[in-house]
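Colleague: I'm new to this one. Could you take me through the aromatic rings, slowly and in one go?

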Amino acid sequence: MSMIHLCCQLSVLAAFASPSRCAPERPLRVSLFEFEQGVEGWIGNPWGGGKCGAEAAGEAKFGKGCLRGWYADVEKGANVICPYFPEDASWRQLPWGGLSFYLRGDGSPGKLTLQLETDEEQHATYSRSVPLEDTQWLRVYLPFSTFWNRGGQEFDPARMRRLYFGTSGTHHFFVDQIQLEAPHREVPLTVSPVTPAPGANGVAGLGPPSWYDYGQGLYGARLDVSPLRPQGGALTLRAELRFEGQTSVGEDTIGGDGPVQRELFTPVLARLDR
């Protein structure tokens, strides 16, 4: 039986260095909103009573800013709505598997409904609910195939106009790092924890990285390093995939001054000669 070995190493560099990267033919993720420049264009739209709104907040999962949505005494429903996406956005030319974001709820048993609005003439919205019960930041990944549509239609990301978060009653939520994700499956393997390189203090508490299979020998490694606060350096994630004597490597580096700006994520393009 052949085995695929996956491992990662995290290092802190004294200065930023451009890592060697593999070159997948397409991006595996595209950021829609990072909120580092605020929440311009986001609005609150209550209907049937009450109030709601969108505001910038500093309690971000990554970086220095995130979105806070709030609802007060909403009787029927209200939505926190993003600005329209550009019609000529380059991501419209590619297939996508789902949407990911980081969410922090208000600790209530309520639910937040994410709706994706398209330009279709009939049944133009697709919805999926997520709980608000957790007051810690959690990463949420929602495959487009799991969204509900009144007409039973299949969601086409190329037709997405905007998205909104809706609920009723009195609630609030924080959201950060909204991204499109390429079609993938999580690798169902037990992977080893990240190996810290010299100087990478605190890495032991990060837990193992997540590995994803994008098909045709393309993999990806993701690691949340937000608990770390390196000063004056940079963080580099080195991911290796070994299969029958072959080793494929990917690296990702982010600057280390102040709050970590994003996840570390690196593609690994493997030539699996079977």
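**A look at the aromatic rings**

Modeller: Let's start with Phe101, which is buried, at a relative accessible area of 1%. Keep in mind that the model is predicted. Phe165 is buried as well, with a relative accessible area of 1%. By the rule used here, there are 13 aromatic pairs. One of them joins Phe101 and Phe165: the arrangement is edge-to-face, with 5.9 Å centre to centre and 80° between the planes. Phe101 belongs to strand β6 (residues 98-104) and Phe165 to strand β10 (residues 160-181), so this pair ties together parts that sit 64 residues apart in sequence.

Now for another pair, Phe144 with Phe155: this one is tilted, at 4.6 Å centre to centre and 45° between the planes. Both residues are in the loop between β9 (138-143) and β10, 11 residues apart. Phe144 counts as buried because its relative accessibility is 6%, under the 20% cut-off. Phe155 counts as buried too, at 8% relative accessibility.

Back to Phe101 and Phe165: they also belong to one aromatic cluster, whose members include Phe33, Trp42, Tyr71 and Phe173.

The charged end of Arg104 sits over the ring of Phe174, 4.4 Å from its centre. Over the ring of Phe62 you'll find the charged end of Lys61, 5.6 Å from the ring's centre.

How values were computed
Residues numbered from 1 in each chain as written. Predicted model: local features only at pLDDT ≥ 70, side-chain atom pairs only at ≥ 80, totals over all residues. Heavy atoms only, no water. Phe/Tyr/Trp six-rings, centres within 6.5 Å; stacked < 30°, edge-to-face > 60°. Helix = DSSP H or I, 4+ residues; strand = E, 2+ residues; numbered from the N terminus. Buried < 20%, exposed > 50% of the residue type's maximum accessible area, 1.4 Å probe, protein only. Lys NZ or Arg CZ within 6 Å of the ring centre and 35° of its normal.
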